[in-house]
Amino acid sequence: MKVIRILSNNAVLFRNETGEECVALGKGIGFNKKFGDELDASLIDNQFVKRGDSMTDTFLHILSSIPPVCLSVAEDIVELARKELRFDENEESLFLALSDHIHYAVKRHKKGEEIKNLMLNDIKCFYGKEYATALKALALMNVRLKTTMPVDEAGFIALHFANACNQSQMKETMRSAKVIKDVLSILEKNNCNIQQGNSLNYNRIVTHLKYLSIRVFGHGQTLEQDTSIYDEILEKMPTANSIAVEIDDYFRMSYEVKLTHDEKIFLTLHVNRLLQEKNSI
């Protein structure tokens, strides 16, 4: 194992026996080392394979400034997320993002500078699976790092998970959450049953809105087929359709995006279920 680059006294970039570039972490592992030196395997506490181009010089610099214990915790959290959320791609990007996040979260916590997560309730609602895993990650962090960070941190971690799972950028993840929140407000204003967060129809509409936002902002809306189907639904579900039109207006005014007839049909069906559920209570 040959040293390629010294990142810090506690981190080096090296090439392993199979020719892969890796980051090795360990106390004093980079001290007095230079390019081409043999790496002492007994000093390695953790190592990460450098895949693709995501681990750029900037990220390598960031890694070199993060305590090894934070990197180790980030690695364990990525493994937890991989098992529970079942994603195989973006692991390296998630590791880098979490390492940086954990490092600064710990620094803030030690200074008593806790950040209130104003979107925590929305994150719990829209990213329930990710948030459940993030709570386990937070418990792991607090034990390993000897901290007492609040559940607000779990909300931030959940967004990192959502980002990795959806293979989108954090900006898009946050925009998707805002869209869902705004549309649910429209539904609530129109007397739809959105208070029962555990109802099947409520979960259906939230899931539909999540993927609708991905299609809309990813320019992957379904192609319009026979629009006469839309006319039939207009006649059978006029109230639900008027709410779907209001949601379409929201997309046009807020994002300059017009929903297709097919998207409005699906929305009308979901809204109609919520209206029926409300009337049955």
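The stops below lead through a predicted model, beginning with a helix and ending with a group of aromatic rings.

**First stop: helix α2.** Select residues 68–85, which form helix α2. How far apart are its end C-alpha atoms? They are 25 Å apart.

Keep the helix selected and show its side chains. The buried residues of α2 include C70, L71, S72, V73 and A74. Further along, I77, V78, L80, A81 and L85 are buried as well.

**Second stop: R86.** Now select R86, which comes just after α2. Its phi is positive, at about 55 degrees.

How many aromatic pairs does a search of the whole structure find? It finds three. Select Y250 and Y255 to see one of them: this pair is edge-to-face, with 5.9 Å from centre to centre and 80 degrees between the planes.

F251 and Y255 both belong to helix α10, residues 238–255. Because they are four residues apart in that helix, about one helical turn separates them.

Are Y250 and F251 buried or exposed? Y250 has 11% relative accessibility and therefore counts as buried. F251, at 0%, is also buried.

To finish, display Y250, F251 and Y255 together: ring pairs link these residues into a cluster.

Technical notes:
Residues numbered from 1 in each chain as written. Predicted model: local features only at pLDDT ≥ 70, side-chain atom pairs only at ≥ 80, totals over all residues. Heavy atoms only, no water. Helix = DSSP H or I, 4+ residues; strand = E, 2+ residues; numbered from the N terminus. Expected span 1.5 Å × (residues − 1). Buried < 20%, exposed > 50% of the residue type's maximum accessible area, 1.4 Å probe, protein only. Phe/Tyr/Trp six-rings, centres within 6.5 Å; stacked < 30°, edge-to-face > 60°.
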